[in-house]
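Hi,

Here is the structure I promised to pass on to you. Have a look at it first, and then read my notes below.

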Amino acid sequence: MGKSTITAALALITAGRGMKVLAIDADPDANLASALGIPLADQKAILTIARQKRLIEERTGAKVQQYGQIFRINPEVADIAEKYSYRHKGVDLLVLGAIEGGGTGCACPENVLLRSLVQDLVLHRGEALFMDMEPGIEHIGRATARGVTSFIIVVEPGQRSIESFRRISAMAEEIGIEKLFIIGNKLRSKADEDLIRQAVSGREILGFIPFSEALLANDRDGRSVIDDLDDSLLALFEDMAGKLL
Ligand SMILES: Nc1ncnc2c1ncn2[C@@H]1O[C@H](COP(=O)(O)OP(=O)(O)OP(=O)(O)O)[C@@H](O)[C@H]1O
Ligand SMILES: [Mg+2]
């Protein structure tokens with residue numbers, strides 16, 4: 001759909017403006033690292049929080065992958081982003097990873113730690129923070145929603161993507177997210193733009209990104225999303241980053 005592409009572009013551009021930027025990959029099928037242009041060989045050095053058994057056990061007081069335990073529901077998390085993030089082109093990347101077994105909804109120690117981490121980050125850190133999420137919003141609760149300054153849904157010109165938009169915007173509203181924005185992606189014509197405008201009517205549109213061979217080639221060749229983009233596309237991302245900040 002373009003979530004990782006857009007997250008990476010906005011994070012890189014914001015870091016380029018001299019801000020402290022934290023980019024969080026909260027998609028269990030994590031791929032923000034490659035969108036940022038981190039070479040495959042270097043990605044091995046990135047630690048995935050959900051796999052840090054010792055950290056999870058130490059902070060929650062419970063054993064990973066065991067049922068019927070008592071654990072701390074408010075583990076200490078304030079230092080984790082700093083310690084576990086990987087810096088690339090001025091962006092600090094934190095990869096949350098997938099929760100095995102019970103899934104994202106389970107009340108297991110891994111999940112408790114991830115949730116606490118996300119809530120702490122969104123509410124307390126005075127810096128630019130971009131989070132790339134799966135097409136669901138499992139990590140965000142009501143308390144966190146209040147700290148979210150912009151929640152962006154990426155919509156492609158197609159019925160399936162529009163259905164996802166409806167489902168996700170309803171979920172976002174339910175948990176109390178106020179600033180909801182739309183980015184239309186992979187547009188090939190004015191008709192595509194009209195389709196999205198109509199489908200999201202009443203929502204604020206942050207911008208429309210055309211279908212771009214350069215974006216596709218950057219993914220194919222493992223380059224950062226903003227490498228060698230033409231000026232007009234780069235200006236589009238710059239404009240969106242400006243609006244968000
Ligand atoms: N505007 C665009 N024009 C052409 N290709 C694009 C555009 N936006 C994204 N892509 C390509 O579409 C593919 C999917 O994009 P991306 O990985 O950003 O989506 P995603 O929503 O993060 O997907 P996933 O659910 O797999 O994480 C990539 O190959 C990317 O390069
Ligand atoms: Mg992605």
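Let's start with one pair of residues: isoleucine 152 has phenylalanine 181 in E6 as its bridge partner. Helices (H or I, at least four residues) and strands (E, at least two) are DSSP runs, numbered from the N terminus.

Before going on, please note that this is a predicted model, in which local features need pLDDT of at least 70, side-chain atom pairs count only at pLDDT 80 or more, and totals for chains, interfaces and linings use all residues. Residues are numbered from 1 along each chain as its sequence is written, while chains are lettered from A and ligands numbered from 1 in the order in which they are written.

Back to the strands. E5 and E6 are joined by 5 bridges and run parallel; two strands pair if DSSP finds at least two bridges between them. They belong to an open sheet of 3 strands, ordered E5-E6-E7, with parallel pairing. Strand E5 (151–155) and strand E7 (204–210) are at the edges with a single partner strand each, so one side of each has no neighbour in the sheet. From one strand to the next, the twist averages 20°. Helix H9 (residues 190–199) packs on this sheet and touches E5, E6 and E7, its direction making about 155° with that of E6. Here, contact means C-beta atoms, placed from the backbone, within 7 Å; axes are lines fitted to C-alpha atoms, for helices over the stretch in contact, and angles run from 0 to 180 degrees between N-to-C directions. Helix H11 (residues 231–244) lies across E6 and E7, at about 165° to E7.

Strand E1 (residues 21–26) runs parallel to E4, joined by 6 bridges, with alanine 23 opposite phenylalanine 130.

Which residues are buried in helix H4 (residues 53–60)? They are Ile56, Arg59 and Thr60. They sit on the same side of H4 because they cover an arc of only 85° around the axis (taken from the directions from the helix axis to the C-beta atoms). On the other side of H4, Arg54 and Glu58 are exposed.

Enjoy exploring!

Technical notes:
A residue is buried if 20 or more other C-beta atoms lie within 10 Å of its own, exposed if 12 or fewer, and partly exposed in between; C-beta atoms are placed from the backbone. Two residues are in contact if their C-beta atoms, placed from the backbone, lie within 7 Å.
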